[in-house]
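Hi everyone, thanks for coming. Today I'd like to walk you through the aromatic rings in one protein model. Let me put it up on the screen.

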Amino acid sequence: MDCYTANWNPLGDSAFYRKYELYSMDWDLKEELRDCLVAAAPYGGPIALLRNPWRKEKPASTRPVLEIYSASGMPLASLLWKSGPVVSLGWSAEEELLCVQEDGVVLVYGLHGDFRRHFSMGNEVLQNRVLDARIFHTEFGSGVAILTGAHRFTLSANVGDLKLRRMPEVPGLQSAPSCWTTVCQDRVAHILLAVGPDLYLLDHAACSAVTPPGLAPGVSSFLQMAVSFTYRHLALFTDTGYIWMGTASLKEKLCEFNCNIRAPPKQMVWCSRPRSKERAVVVAWERRLMVVGDAPESIQFVLDEDSYLVPELDGVRIFSRSTHEFLHEVPVASEEIFKIASMAPGALLLEAQKEYEKESQKADEYLREIQELGQLPQAVQQCIEAAGHEHWPDMQKSLLRAASFGKCFLDRFPPDSFVRTCQDLRVLNAVRDYHIGIPLTYSQYKQLTIQVLLDRLVLRRLYPLAIQICEYLRLPEVQGVSRILAHWACYKVQQKDVSDEDVARAINQKLGDTPGVSYSDIAARAYGCGRTELAIKLLEYEPRSGEQVPLLLKMKRSKLALSKAIESGDTDLVFTVLLHLKNELNRGDFFMTLRNQPTALSLYRQRIEGRVAALQTAADAFYKAKNEFAAKATEDQMRLLRLQRRLEDELGGQFLDLSLHDTVTTLILGGQNKRAEQLARDFRIPDKRLWWLKLTALADLEDWEELEKFSKSKKSPIGYLPFVEICMKQHNKYEAKKYASRVGPEQKVKALLLVGDVAQAADVAIEHRSEAEMSLVLSHCTGATDGATADKIQRARAQAQKK
């Protein structure tokens, strides 16, 4: 035990801190950490490195490479950075990498380097550029805070639900603050910044000057600040070499320490464990690491290499090119058991168990001493608790053996805590393995929960391990194995080097009839990956027709969807497909499809007959009301106006939008345009709706000559973009291009993209200087055919940004 405490370092009289190695890093970095933008996720998360070629002091001509590693240094992804200059990197709570660019655009990447999405921090940030950025975490999600070139702050507390807040201006701020950070108080994110000797707190409404209580005199500048993991405490490093520690509300001072170093540190983070009364801050310079707290002395370590600090819930991770270590306060149970000359019940029980293994009578002496004091249950509990906080399996086993030994002499010791700790440690040891690389501590694991840990294993595509953990912990299938298998299947459909038949067979063999797994969800993922045939094969295994049909309609397999709907016997589902078919097919093809499906044809006839009868009744009532109104205009004027409105209100929702419009369309298809227009006037169909009906009907007839006359009859109330859309729907690109030339400037880009003229659309977007239009054109560019167009837009963007 003396050897075990060799790496313990006292900080004052009441706390010890220890630093031990998590992994020997084998990642073969090509750059020094000081030359990279670095981001490491908490809870044993991944590490992202991006060589910074945009630094003024060390510019580089080659494009940088974004690299993502596990905490053990195992490579997860590597991609060439082709976007703009990056100011900051950070990880979200969902382990998505957020890359904040100089233009205020935030690019979001997955753990394996797959691009997810992007969003902008607003026009003001775009105009003034980004000087600095912070990624922070709150109970609402992950947020981004931006400092712009105009020395203003913009903040979003949750990137998943982006709501930008422009923070108030700091009076007289002419240059960037010496340091700043985000603080979460009363469920609201604030900005705390230092300008010379003054501190300012920005909330959504005001800028307030704040003063730390008990600050040593002579401070002319704050060089660094750090907020604790839970946002409860704040540390300030001053130019006098003092470190002030207090509450984040700046209402109470905890302590102050003079480190006798005035050089600004590279990093400063808090190092404290939950529910501990001790508070400590870790400060890192180029080659020195210092742990300070409420004690006259500090703990100092020499850093042989460039190192980076990652604050955690219960300590600090420290990684360099060669090692990854964890620094934390020794837990109370471990301290009581292992400190030199300890007479704690857990220490005596551990000695008793060791002597028992040696077959020594001292085991009985130690055990009797604990029992005489009535402390055996406490001793067992201490050993169990200390085992949970140990990193090395050998020490875990030693403590658990001692706890098991002590339990044998107790009649009613509840086994729950012992069993649960054994299970938790098996899970933790599995994910701490070098090849997995998630070095969670026991406290972090309990805070994270097993469900989130399983999600992170799935995110790393470690499906076998996740399933083994679910089976070991006997989690319900819907929460455990079924959910993981569904994720595995969604990943499997993305493997385009395997045939559709083989993928579908493999998924069905693995999943079978597993409860909680939806084949339609997996098929939807396959369709999203462009594998329509695979999606159809997977839908064959879906037992619920109601889940099959919507996806088949989305995939434009309407006839197959109709067959499935008829097989299900659900008339509502059949009518849904029929309505979709009617909108998708021209009139002839629609009735040909119904002719081949007698059941569907019969249902459609019943519905049509009912709608025609309703239309006739409504029309009779309407014209009768009009005749009565003509005969007795003065006497019944108000009553008939109310009747007409009631007819339109009450009956309109039932059939006017369907049957009346169908009738108008039928008249147009039959060449009775004047009668159709008269009916539209009688029932007050708006001009826009009538144009739509006529446009659709003429396109269904493919009467392009009549459509041309109609388009020139008078100014279109719906514009010419619908003409383009309807012609493309009928696969008549020639006619579509003709109408695209008439579309107004505000919809010109969209019309050109509809007809596939990406190059001309790019020219129009550049001419309009519209960022939204240029982004829309870029989304339609393909690398193989539109590379020159994409480059043209990027150059135009760059020129606009310079201006």
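Before we start, one term: when I say buried, I mean a residue with under 20% relative accessible area, while exposed means over 50% and partly exposed is in between. Please also keep in mind that this is a predicted model.

So, how many aromatic pairs does a search of the whole structure find? There are 19. Let me show you one of them, W81 with Y109: the ring centres are 5.8 Å apart and the planes meet at 50°, so we call this pair tilted. W81 lies in the loop between β6 and β7, and Y109 belongs to strand β9, so the pair ties together parts that are 28 residues apart in sequence. Are these two buried or exposed? Both W81 and Y109 are buried.

Next, have a look at Y308 and F319. This is a tilted aromatic pair too, with 5.5 Å from centre to centre and 40° between the planes. Y308 sits in strand β27 and F319 in strand β28, and the two are 11 residues apart.

Y4, W8, F16 and F338 make up one aromatic cluster.

Finally, some charges over rings. K407 places its charged end over the ring of F418, 4.8 Å from the ring centre. R426 does likewise with Y472, its charged end sitting 4.7 Å from the centre of that ring.

That's my tour, and I'm happy to go back to any of these!

Note on methods. Residues numbered from 1 in each chain as written. Predicted model: local features only at pLDDT ≥ 70, side-chain atom pairs only at ≥ 80, totals over all residues. Heavy atoms only, no water. Phe/Tyr/Trp six-rings, centres within 6.5 Å; stacked < 30°, edge-to-face > 60°. Helix = DSSP H or I, 4+ residues; strand = E, 2+ residues; numbered from the N terminus. Buried < 20%, exposed > 50% of the residue type's maximum accessible area, 1.4 Å probe, protein only. Lys NZ or Arg CZ within 6 Å of the ring centre and 35° of its normal.
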